[in-house]
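Please have the sequence and the model at hand.

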Amino acid sequence: MPIIIVILILVIIIVLLMIYNMSIHKKIESFKNLNEKVTNLNILQDFMDTISKTSSTEEKIKQINNVIIDRYQIKYSTIVIYDGTKYIVKASNVDERHWDALSNLQSEEMFQESIQTSIPKYITVENEGERLPYQKMEFARAKCAMFFPLYIDNVYIGYWLLEGGTPHEFDNLDTTMLEVIRNNIVATIKTVANQKIIENIVRDDKYSTLKTAEYLYGEGRKIIDQYTTSAVCMFRIINLEEINENISRKTGDTVITKVCKIVKENLSNEYIFVRYMGPKFAIIFSGIEKEAVENFINQIKEQIESLEIEPVDVEFEQEDDEEEILAKPKINVIVSTYYKGTALEGVLKKLEEYLDTAPKSENKINEL
């Protein structure tokens, strides 16, 4: 009888230990899942930070690829994009001698279904001595691969290829998270495409010899975002239309040239001055508080409004006792603050709206 009791006690202890072990195992799995979620969120944050950085359009894609490699400990990652004429490797940590082969995977039969269905394709060898089918001239570099086709608005634009160094390395990889990363790669490419368009439409204005407003959102943004805050000033030549109509358009053009010359001669090279639109101009004082630019703006305003410009390419019949007709520019000025990482175009739009809706007679310096 005592032996049976001992056995029962041992069985109960074993069962309790099994239950306890199962509970511990669940907690460990739960912790792992939580840790993976935190890691994935951190990776997404890295993606967002990279997209918002002021690096060049090409560098953004390379930085995204580096995030993937570093945070997921992937051996090889390659992003290939169609540029309108051919497929180009935009980012890869694979030796460049293999880039020709990597930029032609869309022609491989094994990936055709993936491209047509948008479903990732996973391939792996079974033994170390084998090679992947698309590896024509290389033998030991990669033993498994995952192919992700990329689309913008349902249009195929290239692919993202992950490669591992051992067979079946990606068997347990979280494809759900990889799908999210694929979407972020596409978002980055769209951002890059838009940034390139902006950079390509920047022009030098004929009369002011300034860059057009688009410069602020490309090359200019790189300079501005080196600082946490910057003062943004926009001014409007409030009587430019009147000068154009009552004197001549060429006189108005001369007014623009001389006004901009005064600003440029007094403005440090580290600050950005552009012709925003028509009679409106913008100055970005990078890294400067708006309160610190008040004296400068007052001086510039005084110099501009002391200009007296003779009519150009037009003659007026004047009586001897009449005052000589001259173009005398007047400006209305508004100043605000731009914070790094926020919408610069939003700040400028508010300043523009203020100047456009202010009374035509308003001729002072305001803060917004």
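How many nonpolar, polar and charged residues does the lining of the largest cavity have? It has eight nonpolar residues, no polar ones and one charged residue, where Ala, Val, Leu, Ile, Met, Phe, Trp, Tyr, Cys and Pro count as nonpolar, Asp, Glu, Lys and Arg as charged, and the others, Gly among them, as polar. This is a predicted model, in which local features need pLDDT of at least 70 and side-chain atom pairs count only at pLDDT 80 or more, while totals for chains, interfaces and linings use all residues. Residues are numbered from 1 along each chain as its sequence is written, and side-chain values use heavy atoms, with hydrogens and water left out.

A cavity is a set of points on a 1 Å grid over the protein atoms alone where a 1.4 Å probe fits but cannot get out, and its lining residues have an atom within 4 Å of a point. The largest cavity holds about 50 Å³ of space, a volume being the space filled by probe spheres set on the points, which are joined across faces, edges and corners. Its lining consists of C233, F235, I283, F296, I297, I300, K301, I331 and V333. Two or more of these residues come from each of β7 (229-237), α9 (294-305) and β10 (331-339), elements being DSSP runs numbered from the N terminus (helices H or I, at least four residues; strands E, at least two). The largest share, four residues, belongs to α9.

Conventions: 1 Å grid on protein atoms, 1.4 Å probe; cavity = no way out; pocket = protein on both sides within 12 Å on 5 of 7 lines; lining within 4 Å.
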